[in-house]
Amino acid sequence: MRPMTRQIIGLGLHSAAIIAFQLSLMQLISIVQWHHFAYMIISIAMLGFGASGTLLALFREKLLSASGWLVPILMTASGFFMITAFQVTRLEVFQFDVYLLFVERSQFPVLAANYLIYFIPFFTGALAIGILFIKNATQIGTYYFSNLLGSGIGGLIVLFMFGSVYPQQVPPLIGLFSVGAGILSSGRRLIAPNISLGVVSVIIAAYLIYQPARIETSQYKGIAQAMNLPEAEIVYSKPDIHGLIQVAASPALRFAPALSLSYTGEVPVKKNIFVNGNFFGVIPQFREGQDSHILDYTTQILPWKLAKKDNVLMLDAGDGASLAQAMSHGAAHIDAVIDNGGVVQMMKTDFAGQSGGLYLQENLDIHVLEARNYLASVKDREYDIIMLPQQESFGGSAGINALQENYTMTLESFGLMWEMLSPGGMIAISTWTDYPPRTSLRILATLVETARNKGVAEPSRHLAAIRSWGNISYILKKQPLTPKDIEITRQLCEDLFFDPLILPGISPGERQSYHMSDDDEFFANVDRILAGDKSFLEDYSFLISPATDNKPYFSQFLRLGNIRELSGIYSTDQIPFLELGYLIVVVTLLQGTLLAFIFIILPLMKLRRSHRGKGGTLIYFGALGVGYMFVEIILIQRFVLYFGHPVYALSAVISTMLIASGAGSLTSGRLRAIARYPASIGLIITLMLLFYTFFLTPLLQESISSPLPVKIAVSLLLIGIPSFFKGFMFPLGIRYLASYDTSQTPWAWGINGSLSVISTSLAMLIAVETGFMAVMGVAVVCYAIAAAVFAFSRLFFRQKTTR
């Protein structure tokens, strides 16, 4: 096999490992901590690529002269660090906890150490790729194609691994790809040293695969808290594409979700289900013919007392307890929408006996997909009750879900639910009481706005809510509440020691008959929302206006402009625990920016001042770095809704973008490296993205209910076409620089990487603050700027450097 062929194949194999390693780390970090740190991993990966470009720019000649032996060693070393990096961060000295990040300053150096450990495999791997790119700049199209094709395939491979092996086994398997790439790329004389490092890597990988260590999660995650109970044990554990599914058992794991003070029965012991360390639900103890359920002693009993039960829709019904309650009230037919197929399969097989065959009942149809996808796909069915899962968690979630897209809880989603109600049907939703009130008020604002959007002049006549010491349950009825409905609700409150919160004709004294509140303003705020007071929603300290498909962050309440005001109400130490999730991404952005400056921008300042046209290089490759990442982030968010699960969306978008961009890169080799081509192709991309800004969402909504093969075809077209053209831009720019000033090519690589580091977290923050359309708008501007650089190339590249 020719050396060049071995290099190209090795490059593809190594590129597959890097992207797969990135995705596997995102999965592992979401288990150990929470999903917010996925953005940290993306930033670290881009930091590695940017820093490698910097090193190439500073020591270009030395690195290129040693490329024959250095590239294979770097690939093998990258694989070695992929195999070992996660295990190193699990050492006690390197373990940090997100909940302690803002109260213990010692956590920040530990977080920085984690950055560095994860940075090393990306840096060494990217340096190998960068050397190959710079050394073969005139053939960049072929090499860039191998890089992107391998990366796209890597995204698909890791998706298969997620459902086949445990998360901690994935990095060792992936690292072997890079080890193999390094050995393949070695020359005959240099293969022995690489084999030595490769053998060590294989031995360590084999040990970690066959003896996987237990993943120690944050002490504040549900699984960790459950395992602290007496005689706690994991009785079931299985990897799944949706996450690691575990079932914990303990005699102290009792199910008592804000029970009424009138409850005198025994609190049952139930096994708890966890997905990626987060509480998912309980294993219900269902008995056919039972006519009551423990949830009947919570505020969640309200809809079952008021509505017919011929057809019931349970959205995100992973918690089997609510299904068992529906069965106990004689629901004639239940459609249960559960997005985690692994849990459904587990309940139908391993725990079918313990749960009384609940998931096998004849009157139960289970739909394994995301709730919003189901709402969009069903057009001819009416429901008497549409039940949503309980929101928040006992004691509050500290805003840990702030940046998690929740398309089930958007205004558009509630509009679809309303259309599916029978004439006397109702939407029911409950939440744990939170302080300061955020979730409880946002739910009410969403219900009120939904009713008004459907032509209801007085939403208060269609709404009822009751509260206990820990819960609030709301119902929104399609028809006005009848006097009988009101009477039943009042009697229910009296029997179970609940207080009515919203009810036609309610008096102020009724609201605190059994449960006094320290927050007197809460009731006044409820009344202002019912009255449609828009100014209240705008002036409230937290963001409680309804979430939308453009900003589907239902659990994101923090207004950045209100931090000073909140500091005056709550102590500075308390604020992070109110909105921790959002602040984590802000910290990730600041830390990533600082590291990008230290590792990339600062060293690049040492470049010779004699370079001409540095402004054009900076603007063009910087715009490409920002634009490409912004498009990637926005497409992932849009296709989360389309496919119904983040894992599918992540793999579909990243793999399709990379493979299509690789095809574009390969095709770009047929074009001459002259200014008009990147200018015209950049204009085409700009126009396409401008079209997507306004019409991508409607296009996806038209086919959201289609079968999976149709969705795949649509995604290939909508993601692949612009990505194909984007694949032209980088290699055309590199080839132009190679003919203009070859010493600037590594600098371009570093610029592209440094801007990509910042873009991942920045895109997320822009999406949260202003919506997805704004993110796409920034991407449009970036590609327009890139096109303009070459459209006015004489201005940006005024004079060739004498070499």
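In this predicted model, Ser-440, Leu-441, Leu-444, Ala-445, Val-448 and Arg-452 of helix α15 touch a partner helix, α17. On the α17 side, the residues in contact are Phe-522, Asn-525, Val-526, Ile-529 and Leu-530. Sorted by class, this contact holds eight nonpolar, two polar and one charged residues.

Now look at how the two helices lie. Helix α15 covers residues 439-453, and helix α17 covers residues 521-530. Their axes are 9 Å apart. The angle between them is about 20°. Angles under 35 degrees count as roughly parallel, so α15 and α17 are roughly parallel to each other. The crossing of α15 past α17 is right-handed.

Move to a second pair of helices. Helix α1 spans residues 3-32, and helix α6 spans residues 140-162. Here the axes come within 7 Å and cross at roughly 40°. That angle makes α1 oblique to α6. This crossing, too, is right-handed.

Which residues of α1 meet α6? Among them are Met-4, Ile-8, Leu-11, Gly-12, Ser-15, Ile-19, Leu-23 and Gln-27. From α6, the residues in contact include Thr-142, Tyr-143, Ser-146, Gly-150, Gly-154, Gly-155, Val-158 and Phe-162. The contact of α1 with α6 divides into 10 nonpolar, 12 polar and no charged residues.

Next, turn to the backbone. Most residues other than glycine have a negative phi, and most peptide bonds are trans.

Start with a proline. Pro-436 sits in the loop between β9 (421-432) and α15. The peptide bond from Tyr-435 to Pro-436 is cis. Its omega is near -5°.

Then find Glu-231. This residue is not a glycine, yet its phi is positive, about 55°. Glu-231 belongs to the loop between α9 (222-227) and β1 (233-238). Is Glu-231 buried or exposed? Its relative accessible area is 68%. Exposed means over 50%, so Glu-231 is exposed.

Ala-258 is not a glycine either, and it has a positive phi of about 55°. Look for Ala-258 in the loop between β2 (245-249) and β3 (272-275). What is its relative accessible area? The value is 0%. Buried means under 20%, so Ala-258 is buried. Glu-231 is exposed, whereas Ala-258 is buried.

Methods
Residues are numbered from 1 along each chain as its sequence is written. This is a predicted model: local features need pLDDT of at least 70, side-chain atom pairs count only at pLDDT 80 or more; totals for chains, interfaces and linings use all residues. Side-chain values use heavy atoms; hydrogens and water are left out. Axes are lines fitted to C-alpha atoms, for helices over the stretch in contact, and angles run from 0 to 180 degrees between N-to-C directions. Helices (H or I, at least four residues) and strands (E, at least two) are DSSP runs, numbered from the N terminus. Angles under 35 degrees count as roughly parallel, over 145 as roughly antiparallel, 65 to 115 as roughly perpendicular and the rest as oblique. A crossing is left-handed if the near helix is turned anticlockwise from the far one by less than a right angle, and right-handed if clockwise. Contact means heavy atoms within 4.5 Å. Ala, Val, Leu, Ile, Met, Phe, Trp, Tyr, Cys and Pro count as nonpolar, Asp, Glu, Lys and Arg as charged, and the others, Gly among them, as polar. Buried means under 20% relative accessible area, exposed over 50%, partly exposed in between (1.4 Å probe, protein chains only).
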